[in-house]
Amino acid sequence: MQVSSPKDIRDLAAAAVLFRDQLDELKNVRRAPEFNWYPYNTFGVFPILIQMLQEDRGDLLALAGAGPVLDIGCGDGDLSFFFESLGCRVIAIDNPATNYNQTLGFKKLRAALGSSVELKVSDVDAGLDLRGRTFGLALCLGVLYHLKNPFGFLETLARHVRHCILSTRIAQVTVGGTAIGQEPVAYLLNPSEANNDPTNYWIFSEAGLRRILDRTGWDLCDYATTGFEHGSDPVHGDRDQRAFCMIRSKLADPWLEVDLDGGWHAMEDSSWRWTERVFAVLTTRQAGNLPLTLRFRFTTIGPVRIRATVNGACLPECEYISAGEHTYTQPIPPEALTGDSVSIRFELDKALAPSAVDGRELGVQVKFWSYEDPAPRALTPIAVS
């Protein structure tokens, strides 16, 4: 089910309604006795986004960029498959142990749609593993209050994601009536206190939510609430209030001209990264006439040979016989550039093996930020132009 790619949030919401109707029909046809579909309307977020998102943040596809959309706590994958229908690559994350139907609904829909959405089975509370990757846009709806360690989760997410649409339950008073809305706190539920669901943990006050977002590396760009507006509490269903946020990372790591697509180590000194022997990026080509050229600037600690593929097309191998900064420059065959998105994979002939001193495989060093000017400046070590 492919649809056109709308740029305005209202057009996106209209496309979501059409896709939801098609998905509902498919669910009715594919109804299975061994499980029930996730019962909540995840597409209900779009009317809220229409009212909430300001400036250019309504263009979610532009925020996503060349990299995949990250859907955390994907349920049956409704939003994952919707963004895929718009032409996005999507990575969905969920835990079968806590998913409504053990991810059977997701797998059923993925097969029926012939989808290529990747499902990463993960206990997010045990640690969100996004190493070597960056994302323009993440979806995190109704997940935060299910986490034992929301601080660690949000902090990790900020190091890999530029923008995130997040929703969670909040409360203005405790069950006993104590006002907490203006206090930066969270209420810890007992195992059966809310919906008799032991996976519910922390319900933040609005001030508490704002505080944890700031402390974990996020700017709160847009904010809205729904549900019970006066005296919401952490427990009762008829006093349920939800907060919706568009948040933007304040950390240096995600703000690159390219999306990392595996084979990269964490940022060091807030400016550069080691690669592994094989590493990849996703980017968009700059406007210009064909042929275009790939330029990759890197630093090596010794002799190395490097080759690259662009959208699967092989480019010539180059050898660098001395340590220091080098630039790999090669023209790209026109037939390799069939769209604006460009997938680039690099391979070195050798790398430093993991050792007792450093357990990582180390390839070359790539600098992404310069601090030589009065203000930090993002560099562009990889470009197609």
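## A look at the fold and its aromatic pairs

The protein chain has seven helices and 22 strands, taken as DSSP runs (H or I of at least four residues for helices, E of at least two for strands) numbered from the N terminus. Its radius of gyration is 23 Å, close to the 21 Å that the globule rule gives for 385 residues, so the chain is as compact as a globular protein of that length; the radius is taken over C-alpha atoms, and the rule is 2.2 Å times the number of residues to the power 0.38. This is a predicted model, where local features need pLDDT of at least 70, side-chain atom pairs count only at pLDDT 80 or more, and totals for chains, interfaces and linings use all residues. Residues are numbered from 1 along each chain as its sequence is written, and side-chain values use heavy atoms, leaving out hydrogens and water.

Of the 385 residues, 50% count as buried, meaning under 20% relative accessible area with a 1.4 Å probe, protein chains only.

Now for the rings. The whole structure holds 18 aromatic pairs: rings of Phe, Tyr and Trp (its six-membered ring) with centres within 6.5 Å, called stacked if the planes are under 30 degrees apart, edge-to-face if over 60 and tilted for the rest.
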